[in-house]
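Student: Could you show me the model and go through it with me, please?

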Amino acid sequence: MSTIALAAPATTRRRVFDNSGYIVLAPSCLVLTCFFALPMGVMIGMSFTSGQSLAPTLFQYQRFFTDGLSLAGLVRTAVMSLLVAISVTVLGYPVAYFLARSRSRWRAVVFALALAPELAGVVLRTYGWLIILEDRGFINDALIHLGLVASPLPLSKNLFAVVVGLTHVVLPFGILSLTTSIQGIDPSLERAAQMLGASRLSVMRHIVLPLSVPGIVSSLLIAFTMAASAYATPALLGGARFKVLATMIYEQVLFYIDWPFAAVLAIALLLMMLAISCLGLSYETCRNQRRSTGTGELV
Amino acid sequence: MTKLLPCLFWLAIGLVLAFIVLPIAVVLAASLSPASTVTFWPSEWTFKWYGALVTDKWISPFWLSVRVALAVAAISGVLGILAAYALVYQKIPGASAIMGAILSPLSVPQIVKGVAIVLFLSIVGLQNLLGTPALIAAHVVLALPFVTRMAATALANFDSSLDRAAQSLGATQRQRLQHIVLPMIKPGVLSGMTFAFIISFNNIPLSVFLVRPGDTTLPIAVINHLEYSLDPVMAAVNVTSMVFILMVIFLFERIGGFSAQLHGGSK
Amino acid sequence: MNTMDIELVSVSKSFGSVNVVRDLDLQIPRGQFVSLLGPSGCGKTTTLNMIAGFHAPSSGEIRVRGKSQRGVPPERRNLGLVFQNYALFPHMTVAENVGFGLRMRGTPREEIHRAVESSLRSVHLDGFGDRYPKALSGGQQQRVALARAIAPQPSVLLLDEPLSNLDLKLREAMRVELKELHRELGMTFVYVTHDQEEAMAMSDRIVVMWQGDIAQQGDPISIYRNPRTRFVADFIGRSNILSVGSHSAGSGGLDLSIAGTQIVLHSSGSDAAAPVRSCCIRPENISLHSGTSPDGCRQNRLDGTVRRFVQLGAHVELLVDVASAVALTVLVRSSPASLLPAIGSAVTLAIDPRDVQVLAD
């Protein structure tokens, strides 16, 4: 996350306006306090209560670790997010390389195609995948028609469908992130390698890919966090049997009306996200340290 | 071998692009096909599903989404400009910390934010805020970091020597704000507001807990319907929604001309 | 037996509707140090990129050691290229950078090691193998780039303005080193630059390019002494360029009437048949005699008034009006101010007829 350079014009500000900055920030702070800070606090507090009384207890947390379903949900969320992160990065890389290097007029077209689905919204795309993957959807319809299978393949309402759907949803962001990263690699490095006799494959293997590692890591992190916090796609494509933390939270709030437990699940999801962000941050600082001493390998 | 690699490369790109386009094309086809189950290529075209849209079942959530999104765009736009003004232009003490606080909601998943809000409102007895008011407030919390950051970037990129030139020509601070600063950051702010509109309109995870029966947004109405039926009206709803978003972008582009800013900023 | 390392035959290159290189014919003999010299936009870098293989010519052919390079990608041309920004691989050590070309050819590790040591020694960077490019100064990085390009022993070394990112003192030192390297390796060097001093100092032959074509080529001194066009006269060194109204054959040369004046300059050793539209005189070839005229009546003599002078340290540059619309720049060795003519004083200029160079445009 880049920091904005908070530098203002060097002219002297009249003292009359000294406090106006705070006044002007007040509405934003109010909104953030009432609809973010306080609710988060209340939610965290609520996770320490049992359903009956307000007395602090670790009951809900114990439940989380012992009821078997919650941990399974956590693991499922992590596995799904990891698969999505890998698919997004693998699928997005060729497109990102093209967008970063190409100067043909097709670039604008590919750029639009890669990013436009984001405007279509999650629902439209998830609905599309439902139609394609379900038992009476395209793929199965075509396979049965062509006599390749006797009964429909279970392509929807499972991990596979959710990963496909989420990969599709997250792909534009992965492509954007990878493109920016590859653009940061000096193109004359590739030319230099070519002049030294490297085939295009060798150029990719020895020069571009090693230098893309930071961008790849970044893309993996972005994709993971987006997939882990997704609700609609796992709900629709996962069905009743495939529960991830987001859908479990939904259930607890609106069906079981077990709010303290829902709070615990929400905190579990939040902690998972924060853990991943910390991982990313420590990778960045590790890299920057190596860079400044000039003796590290990957720069 | 040297010929093989470029071929593989173009093939990979083609497949990925096909993957991207596939579900959208499918939904488009489904919305125009007369069959009530979806077959690949419609044998004939019909607009009957689009006709079926014009019922209160879809129109009412649509309008709610539009109203909420407009309110969110406007409110977060104003708050974002004010915040950026205080933090970047005036550079008040503690600006980095405050900017960090404004950006902090970004690290919390939307569904978690939604749960927190609904829990909070129930505890303090403000359940009647659920529905439109809560949606607007929650979406503003969601959009504010983005809009503030875009406005702050626009302000940071604003050439302060223009401001000083205006000062040397005798313009007061209010005049400078009105005639120099605001017009120059307009593209950045407007793209932020468009972004806020889109993420509010299309939003699901944050909104699932904040809607009420009869007071629900379009995307949520759609997924509720999808829970038990896949009928092609959904296709028409989705396509219309997408076309609507495209029109909104087009409109904002007309007003703000922010594609110029996009081209100016890209490589 | 083909002694040409590189030949360009009627090579043209356009990008869209812009003609960057027009119908270029160029031959670079084996073992020579040839510079492509010209201002930005003259097509020299595009020409180099075509030789390297990054652009295909729009028409014409490029041959390396007699073999046509049509359809041959850069990685198979076996040419070395030193980039302007060095393009060192940041994630590899100096030794890995230098050894990269040999590694791509599948050379055994022992041999790579030896070749890397040898190349680093040639550029005076022994022992730098384990460092990373980031830890090196600009001059050192440039030498690594050089070592990397020569390690695979290419037939020709292409250099794309390699010294332009270095400061002046370093640049001058590197010129000497590059020239020595050329002598030591015996490799053909094709050097692209816009700095004419650099080209003069290092090249066996200079190819002056302008607007996509060759303006003049030859060894540095003959180009300096005998420029053939206004552009070359002006681009290489400094010149006074005067329009010639008419000319006639005089004793052992040409008498040139300077347009718009009564001045007639005698130029010796010029070809009467070639078109004569202007002439050029280098400022350092004009000598200064103030007061009464000296002897040596075979010299061209002009009377004029000093309009201004500029102290340049080792030299003094004078601007002398010799006719109503003609002023000549004169470069003389510096002396104490008392010995120099004051502004407005009358001076007599003397020019040897051999220093009056006839131009075709």
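Here are some questions and answers about this predicted model.

Student: How far apart are the C-alpha centres of domain 1 and domain 2 of chain B?

Tutor: Start with the assignment, which gives domain 1 of chain B as 9–46 and domain 2 of chain B as 53–264. Seven residues from domain 1 of chain B and six residues from domain 2 of chain B take part in the contact. Their C-alpha centres are 31 Å apart.

Student: On the side of domain 1 of chain B that touches domain 2 of chain B, how many residues are charged?

Tutor: Sort that side by class: four residues are nonpolar and three are polar. For charged residues, the count is no residues.

Student: Which helix gives the largest share of the side of chain A that touches chain C?

Tutor: In this contact, 21 residues of chain A meet 21 residues of chain C. Helix H8 (187–195) and helix H9 (200–228) of chain A each bring at least two residues to chain A's side. By class, that side has eleven nonpolar, seven polar and three charged residues. The largest share, seven residues, belongs to H8(A).

Student: Is H7(B) parallel, perpendicular or oblique to H8(B)?

Tutor: Look at helix H7 (residues 160–168) and helix H8 (residues 173–201) of chain B, which pack at about 140 degrees with axes 10 Å apart. Roughly antiparallel would need an angle over 145, and roughly perpendicular runs from 65 to 115. So H7(B) is, relative to H8(B), oblique.

Student: Is the crossing of H7(B) and H8(B) left-handed or right-handed?

Tutor: Find the contact first: H7(B) uses residues including Leu162(B) and Ala166(B), and H8(B) uses residues including Ile180(B) and Val181(B). The crossing there is right-handed.

How values were computed
Residues numbered from 1 in each chain as written. Chains lettered and ligands numbered in written order. Predicted model: local features only at pLDDT ≥ 70, side-chain atom pairs only at ≥ 80, totals over all residues. Domains from an automatic or database assignment. Contact = placed C-beta atoms within 7 Å. Nonpolar A, V, L, I, M, F, W, Y, C, P; charged D, E, K, R; others polar. Helix = DSSP H or I, 4+ residues; strand = E, 2+ residues; numbered from the N terminus. Axes fitted to C-alpha atoms, helices over the stretch in contact; angles between N-to-C directions. Parallel < 35°, antiparallel > 145°, perpendicular 65-115°, else oblique. Left-handed = near helix turned anticlockwise from the far one by under 90°.
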